[in-house]
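Please examine the sequence and the structure before reading each solution.

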Amino acid sequence: MSTTIDHVRLEQFVGQAVDDMAAAISGLLVHLGDGLGLYRAMAGAGPLTVEALAARTATTPRFVREWLCNQAAGGYVTHDPEDDTFELPAEHAAVLAHEDSPVFLGGAYEAIASCYSDYAHLAEAFRGGAGFGWEQHDERLFSGVRRLFQPSYAAHLTSAWIPALDGVEAKLKAGASVADVGCGLGGSTVLMAQAYAHSTFAGFDIHGPSIEAAREAATRNSVNYRVRFDTASADAFPGTGFDLICLFDCLHDMGDPLGAARHIRGALADDGTLMLVEPNAGDVLEENLNPVSRAFYGFSTAICTPASLAQPVGLGLGAQAGPSRLTEILREAGFTRVREAARTPFHLIIEARP
């Protein structure tokens with residue numbers, strides 16, 4: 001192996017590493033801007049002075065100035081040197097300030113922040129191999145993941161993904177029985193209940209506090225009379241004869257995804273459908289050498305794989321399993337018809353039938 005240093009290549013990589021260093025510390029500042037309402041206060045407000053933004057957010061001007069300088073250096077806000085004002089462009093506000101935007105990413109930074117706080121636990125999991133359970137993470141993970149995926153679900157779930165399934169939308173409009181397995185805080189369940197007024201929904205998750213929050217969300221959105229939430233695992237949740245069972249970004253987190261898929265197969269009606277939503281990925285690493293997969297491999301290392309290894313079987317499927325591996329698991333579980341129904345830059349949607 002050559003030890004000769006290519007100084008051009010070295011300089012290029014130092015530049016890349018410095019960019020990532022700046023992004024890493026700036027990620028904390030994005031999380032602060034999200035949590036303190038700084039982006040929301042800037043959205044649509046036009047140019048603001050440091051003092052005006054601090055007054056709008058009940059924060060201290062000296063801290064706000066440093067934060068704004070970082071944001072300007074990163075191109076997140078613009079700066080007018082003549083009057084020393086800062087502005088959040090409308091396009092950037094869609095990503096940083098508006099939670100109903102399909103490109104909102106504030107939740108991603110919240111989830112990432114939770115992983116940094118769990119460093120010691122993750123390091124021990126690396127050394128011992130025993131995994132690190134979902135419920136053991138900093139609590140920001142739960143709301144961060146919901147806020148990360150909810151914009152995509154809101155934009156695509158009922159307008160594109162369900163219509164892409166063979167005959168499912170007609171069943172839901174007429175009145176169907178649906179299970180949302182691994183429902184977390186219930187965001188996906190509530191979205192479906194709001195869209196399909198004649199159907200009933202059951203949400204299941206192993207995390208008790210998330211189930212309590214999901215019940216509150218159903219009540220808050222006035223769908224609680226058609227939605228129930230219970231604490232249960234994916235391989236043992238109650239009920240049969242479901243017309244549709246959904247798995248949103250959770251199969252890869254399970255210790256025994258094959259066992260879960262087998263239980264789901266048995267819980268479906270004879271003509272029922274499984275909709276599996278997983279992070280978008282190719283089947284081999286070379287197809288995943290891109291920024292989206294880089295992020296998902298990061299989440300997989302810090303969240304998904306440790307969660308799986310902490311459970312019985314501990315398959316450790318990972319968040320970038322790819323369609324071929326997912327199809328293999330579904331067919332082994334007894335599904336005979338498996339196809340890719342839709343795909344977005346972030347998600348792969350697979351339809352499976354008995």
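**Exercise 1.** Determine which residues of α8 meet which residues of α10, and how the two helices are oriented in this predicted model.

*Solution.* 
Step 1. On the side of α8, the residues in the contact are Gln150, Tyr153, Ala154, Leu157 and Thr158; they meet Gly187, Ser188, Leu191, Met192 and Ala195 of α10.
Step 2. Helix α8 spans residues 140–161 and helix α10 spans residues 187–195; their axes are 10 Å apart, at an angle of about 30 degrees.
Step 3. Angles under 35 degrees count as roughly parallel, and α8 is therefore roughly parallel to α10.
Step 4. The crossing of these two helices, α8 and α10, is right-handed.

**Exercise 2.** Describe how helix α3 and helix α4 cross, and state which residues meet there.

*Solution.* 
Step 1. The axes of α3 (residues 50–57) and α4 (residues 61–73) come within 9 Å and cross at roughly 115 degrees.
Step 2. The range from 65 to 115 degrees counts as roughly perpendicular, so α3 and α4 are roughly perpendicular to each other.
Step 3. The crossing in which α3 passes α4 is right-handed.
Step 4. From α3, Val50, Leu53 and Ala54 take part, and they meet Pro61, Val64, Arg65, Trp67 and Leu68 of α4.
Step 5. Among the residues of this contact, 7 are nonpolar, none is polar and 1 is charged.

**Exercise 3.** Is Asn288 buried or exposed, and which residues is Asn288 in contact with beyond its neighbours within four places in sequence?

*Solution.* 
Step 1. Asn288 is found in the loop between β7 (268–279) and α13 (291–309).
Step 2. The relative accessible area of Asn288 is 3%. Buried means under 20%, so Asn288 is buried.
Step 3. Neighbours within four places in sequence being set aside, Asn288 contacts Ala281, Gly282, Ser293, Arg294, Tyr297 and Gln320.
Step 4. With one of these residues, Tyr297, the side chain of Asn288 makes a polar contact, side chain to side chain, at 3.2 Å.

Key: Residues are numbered from 1 along each chain as its sequence is written. This is a predicted model: local features need pLDDT of at least 70, side-chain atom pairs count only at pLDDT 80 or more; totals for chains, interfaces and linings use all residues. Side-chain values use heavy atoms; hydrogens and water are left out. Axes are lines fitted to C-alpha atoms, for helices over the stretch in contact, and angles run from 0 to 180 degrees between N-to-C directions. Helices (H or I, at least four residues) and strands (E, at least two) are DSSP runs, numbered from the N terminus. Angles under 35 degrees count as roughly parallel, over 145 as roughly antiparallel, 65 to 115 as roughly perpendicular and the rest as oblique. A crossing is left-handed if the near helix is turned anticlockwise from the far one by less than a right angle, and right-handed if clockwise. Contact means heavy atoms within 4.5 Å. Ala, Val, Leu, Ile, Met, Phe, Trp, Tyr, Cys and Pro count as nonpolar, Asp, Glu, Lys and Arg as charged, and the others, Gly among them, as polar. Buried means under 20% relative accessible area, exposed over 50%, partly exposed in between (1.4 Å probe, protein chains only). A polar contact is a pair of N or O atoms within 3.5 Å; within protein, one must be able to donate a hydrogen and the other to accept it, and residues adjacent in sequence count only if both atoms are side-chain atoms.
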